[in-house]
Amino acid sequence: MGFYSDIILPRLCDLAMRNKQLVPFCERVIGAAEGRVLEIGVGSGINLPFCRTPVREVLALEPAPRLVTLARSASHATGMPVSFLEASAEGIPLDKHGVDTIVTTWNLCSIPQAATVLAEMRRVLQPCGMLLFVERGLAADEAVHRLQDWLTPAWRRISGGCHLNRPIRSMIEGAGFRYIPGPKPMTFMYEGSARPN
Ligand SMILES: C[S@@+](CC[C@H](N)C(=O)[O-])C[C@H]1O[C@@H](n2cnc3c(N)ncnc32)[C@H](O)[C@@H]1O
């Protein structure tokens, strides 16, 4: 705790997550949510305006007080009832099987006890519920993977604990979730940018 983590990091988080290139990811993830939705690490609330029916209610969990303040403002742009849980996801203050959907976007890279948090998500999610996520993590390409390992110690220091190299899929599966890949021929995506020659 300190000036950097309490004041600067929440601002940096808000600025980074406002990147317009992330919007389609947020729209897709939130667009698949329904019922009583728990968003883990809601941050400054960039996902909240994308909530639509069949979302009935959003429970927005966030431990950083500054981000909760920003997210409260963002919550006015959604027509849904939004309640805030000012807590860490290592101990989600909800009953077993209490939510229909869990949403997590760009959190698992930085949450210290990510395995505990995933176990908590499994506990509070309905057995027929859905965990929806978009997360940064370990690249399949071996050369990129090595670079991620090399960069992560320094990156963690400046980014509030973000790891570039977490194996997100195996972490999720290890917590008792069944990963549902899209059909490979239709879901291989290229993302980047290009300029005219
Ligand atoms: C990179 S930000 C992403 C914020 C938001 N999910 C978004 O997409 O804009 C990471 C978030 O994880 C939250 N976080 C860190 N540790 C956490 C924990 N133990 N439990 C819940 N959230 C946590 C941070 O406070 C921050 O809001």
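Select tryptophan 106, which sits in the loop between E4 and H4; helices (H or I, at least four residues) and strands (E, at least two) are DSSP runs numbered from the N terminus. The phi angle of tryptophan 106 is positive, near 55°, in a residue other than glycine. With 16% relative accessibility, tryptophan 106 counts as buried; buried means under 20% relative accessible area, exposed over 50%, and partly exposed in between (1.4 Å probe, protein chains only). The model is predicted: local features need pLDDT of at least 70, side-chain atom pairs count only at pLDDT 80 or more, and totals for chains, interfaces and linings use all residues. Residues are numbered from 1 along each chain as its sequence is written, and side-chain values use heavy atoms, with hydrogens and water left out.

Next, select histidine 97, in the loop between strand E3 (82-85) and E4. Histidine 97 also has a positive phi, about 55°, although it is not a glycine. Its relative accessibility is 29%, so histidine 97 counts as partly exposed.

Move to the loop between E1 and strand E2 (55-61), where phenylalanine 50 is found. Which residues does phenylalanine 50 contact, leaving aside neighbours within four places in sequence? They are Val23, Cys26, Glu27 and Ile30, where contact means heavy atoms within 4.5 Å. Glycine 79 is 29 residues from phenylalanine 50 in sequence, and their C-alpha atoms are 9.9 Å apart. Proline 54 lies in the loop between E1 and E2 as well; a cis peptide bond, with omega about 15°, joins threonine 53 to proline 54.

Now display helix H4 (residues 114-124), in which Ala114, Val117, Leu118, Glu120, Met121 and Val124 are buried. An α-helix has 3.6 residues a turn, so residues three or four places apart point the same way. The cover over the buried residues of H4 includes strand E1 (35-40), strand E4 (99-105), strand E5 (125-134) and helix H6 (168-174).

Threonine 152, in helix H5, is the next selection. Is threonine 152 buried or exposed? Threonine 152 is buried, at a relative accessible area of 5%. Not counting residues up to four places away in sequence, threonine 152 touches His163, Leu164 and Asn165.

Finally, show the whole chain, which has seven helices and five strands. The radius of gyration (taken over C-alpha atoms) is 17 Å, close to the 16 Å that the globule rule gives for 197 residues, so the chain is as compact as a globular protein of that length; the rule is 2.2 Å times the number of residues to the power 0.38. Of the 197 residues, 40% count as buried.
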